[in-house]
Amino acid sequence: MVGAGMKEVTVSLPAQLDVRMETLDGTKRMTLNGELDMSTCPVLQEGLDALMGTPSAIEIDLAGLMFMDSSGLSCMLAAKKRANEEGQGLRLVNASTQVQRLFEIAGVRDFLNGDEPAA
């Protein structure tokens, strides 16, 4: 409750995305924790830049992703397209029901869930 002469203030914290990278059985694994949106896509892109062009397949673990908007979806589509163009496999794993639903509504679920590069 706000008293006389006081204003109610809401503070919004900037969205955050933590990216952890490791190699497991020859696969480069990127684990995302947080939110993927316009403000955090550059963080994901920086991590992907480090992994692209290596002979290893890339796996992105989305289990810790709490939110993804259309900007995040665009970022994922660009990453998948780039991996395909470079002949490098890229798989998304452990996506939440909400994220899978976003993929489905956008009509890109099969494209993003496929792990083979385009022929």
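Residues are numbered from 1 along each chain as its sequence is written, and side-chain values use heavy atoms, with hydrogens and water left out. Because the model is predicted, local features need pLDDT of at least 70 and side-chain atom pairs count only at pLDDT 80 or more, whereas totals for chains, interfaces and linings use all residues.

Helices (H or I, at least four residues) and strands (E, at least two) are DSSP runs, numbered from the N terminus. The model contains an open sheet of four strands in the order β1-β2-β3-β4, with mixed pairing; two strands are taken to pair if DSSP finds at least two bridges between them. Strands β1 and β4 form the edges, each pairing on one side only. From one strand to the next, the twist averages 20°, where axes are lines fitted to C-alpha atoms, for helices over the stretch in contact, and angles run from 0 to 180 degrees between N-to-C directions. Strands β2 and β3 (residues 58-68) run parallel and are joined by eight bridges. Within this arrangement, Arg29 stands opposite Glu59 in β3.

Two helices pack on the sheet. Helix α1 (residues 41-51) touches β1, β2, β3 and β4, and its direction makes about 175° with that of β2; contact denotes heavy atoms within 4.5 Å. Helix α2 (residues 70-85) touches β2, β3 and β4, and its direction makes about 175° with that of β3.

The faces of α1 were examined by accessibility, with buried meaning under 20% relative accessible area, exposed over 50%, and partly exposed in between (1.4 Å probe, protein chains only). Cys41, Leu44, Gly47, Leu48 and Leu51 are buried in α1. These residues lie on the same side of α1 because they cover an arc of only 130° around the axis, the arc being that of the directions from the helix axis to the C-beta atoms. An α-helix has 3.6 residues a turn, so residues three or four places apart point the same way. Pro42, Glu46 and Ala50 are exposed on the other side of α1. The packing partners of the buried α1 residues are β1, β2, β3, α2 and β4. Just after α1, Gly53 adopts a positive phi of about 85°.

The largest nonpolar core has 26 residues, of which Leu32, Leu44, Ile60, Leu62, Met76, Leu90 and Phe103 touch the most other members. Such a core is a set of buried Ala, Val, Leu, Ile, Met, Phe, Trp, Tyr and Cys residues joined through side-chain atoms within 4.5 Å. At least two residues of this core are supplied by each of β2, α1, β3, α2, β4 and α3. When neighbours within four places in sequence are left aside, the contacts of Leu32 include Leu17, Val19, Leu44, Ile60, Leu62, Leu65 and Met76.

Thr31 is placed in strand β2 and is buried, with a relative accessible area of 9%. Beyond its neighbours within four places in sequence, Thr31 is in contact with Asp18, Val19, Arg20, Glu22 and Asp61. Ala83, located in helix α2, counts as buried at 0% relative accessibility. Not counting residues up to four places away in sequence, Ala83 touches Met52, Gln88 and Leu90. The C-alpha atoms of Ala83 and Ala57 are 9.1 Å apart in space, while the two residues are 26 residues apart in sequence.

A search of the whole structure finds zero disulfides. Cys41 is in no disulfide, and the nearest cysteine sulfur, that of Cys75, is 3.4 Å away. This separation is too far for a bond, because a disulfide is a pair of cysteine sulfur atoms within 2.5 Å. Both cysteines are buried, Cys41 at 11% relative accessibility and Cys75 at 8%.

Positive phi values also occur at two residues in loops. Asp25, in the loop between β1 (17-24) and β2 (27-36), has a positive phi of about 50° although it is not a glycine. Asp25 is exposed, with a relative accessible area of 84%. Asn94, which is likewise not a glycine, has a positive phi of about 60° and is found in the loop between β4 (90-93) and α3 (97-106). Asn94 is partly exposed, with a relative accessible area of 46%.
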